[in-house]
Amino acid sequence: MEPRFLLLSDVAAELNVSDSQVYHMVRSGELPAIKIGGRGQWRVERARLEEYIAHKYAETADWVRGNPLVDRDSE
């Protein structure tokens, strides 16, 4: 069974980005997370990460539709 909550380093590995990029995403509110424990360690719920990924796919699809690839040979 996979853990419900992930460390920021686990999220970084899943997304193939740096730990600092994930920290920025969390601190900016782009990626929902919680602070737990006496030292306030960040955790991202796996379900929230999956929702974030799905949202990014939809956002990217919208961008692609609005920015079609132009074949340079036909110009």
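Mentor: We shall go from the whole chain to the sheet and then to the helices. This is a predicted model, in which local features need pLDDT of at least 70 and side-chain atom pairs count only at pLDDT 80 or more, while totals for chains, interfaces and linings use all residues. Residues are numbered from 1 along each chain as its sequence is written, and side-chain values use heavy atoms, with hydrogens and water left out.

Trainee: What pattern does the chain follow along the sequence?

Mentor: Helices (H or I, at least four residues) and strands (E, at least two) are DSSP runs, numbered from the N terminus. Here there are three helices and three strands, in the pattern β-α-α-β-β-α. The chain has a radius of gyration of 17 Å, well over the 11 Å that the globule rule gives for 75 residues, so it is more spread out than a compact globule. That radius is taken over C-alpha atoms, and the rule is 2.2 Å times the number of residues to the power 0.38. Along the principal axes, the C-alpha trace spans about 60 × 25 × 20 Å.

Trainee: Which residues does the UniProt domain annotation cover?

Mentor: The unreviewed UniProt entry records "domain: Helix-turn-helix" for residues 9-54. UniProt positions are given in the numbering used here, feature names are shortened, and annotations may be inferred rather than shown by experiment. In the model, this span is 54% helix and 17% strand.

Trainee: How should I read the sheet, and what is its strand order?

Mentor: Two strands pair if DSSP finds at least two bridges between them. The sheet is open, with three strands in the order S1-S3-S2 and antiparallel pairing. Strands S1 (5-6) and S2 (34-36) stand at the edges with a single partner strand each, so one side of each is left without a neighbour in the sheet. Between S2 and S3 (residues 41-45) there are three bridges; Ile-34 has Arg-43 as its bridge partner, and Lys-35 has Trp-42. S1 and S3 pair over two bridges, with Leu-6 opposite Val-44. S2 and S3 also form a hairpin with four residues between them, where Gly-37 in the turn has a positive phi of about 80°.

Trainee: Is S3 mostly covered or uncovered?

Mentor: Buried means under 20% relative accessible area, exposed over 50%, and partly exposed in between (1.4 Å probe, protein chains only). Four of the five residues of S3 are buried, whereas buried residues make up 21% of the 75 residues in the chain.

Trainee: Where do the buried residues of a helix lie around its axis?

Mentor: An α-helix has 3.6 residues a turn, so residues three or four places apart point the same way. The arc used here is that of the directions from the helix axis to the C-beta atoms. In H1 (residues 8-15) the buried residues are Leu-8, Val-11 and Ala-12. They fall within an arc of 100°, so they line one face of the helix. Just after H1, Asn-16 takes a positive phi of about 60°.

Trainee: Which residues of H2 are buried, and what do they pack against?

Mentor: Val-22, Met-25 and Val-26 are the buried residues of H2. They cover an arc of only 95°, which puts them on the same side of H2. These buried residues pack against H1, S3 and H3. The face turned away from the buried side carries the exposed residues Ser-20, His-24 and Arg-27.

Note on methods
Contact means heavy atoms within 4.5 Å.
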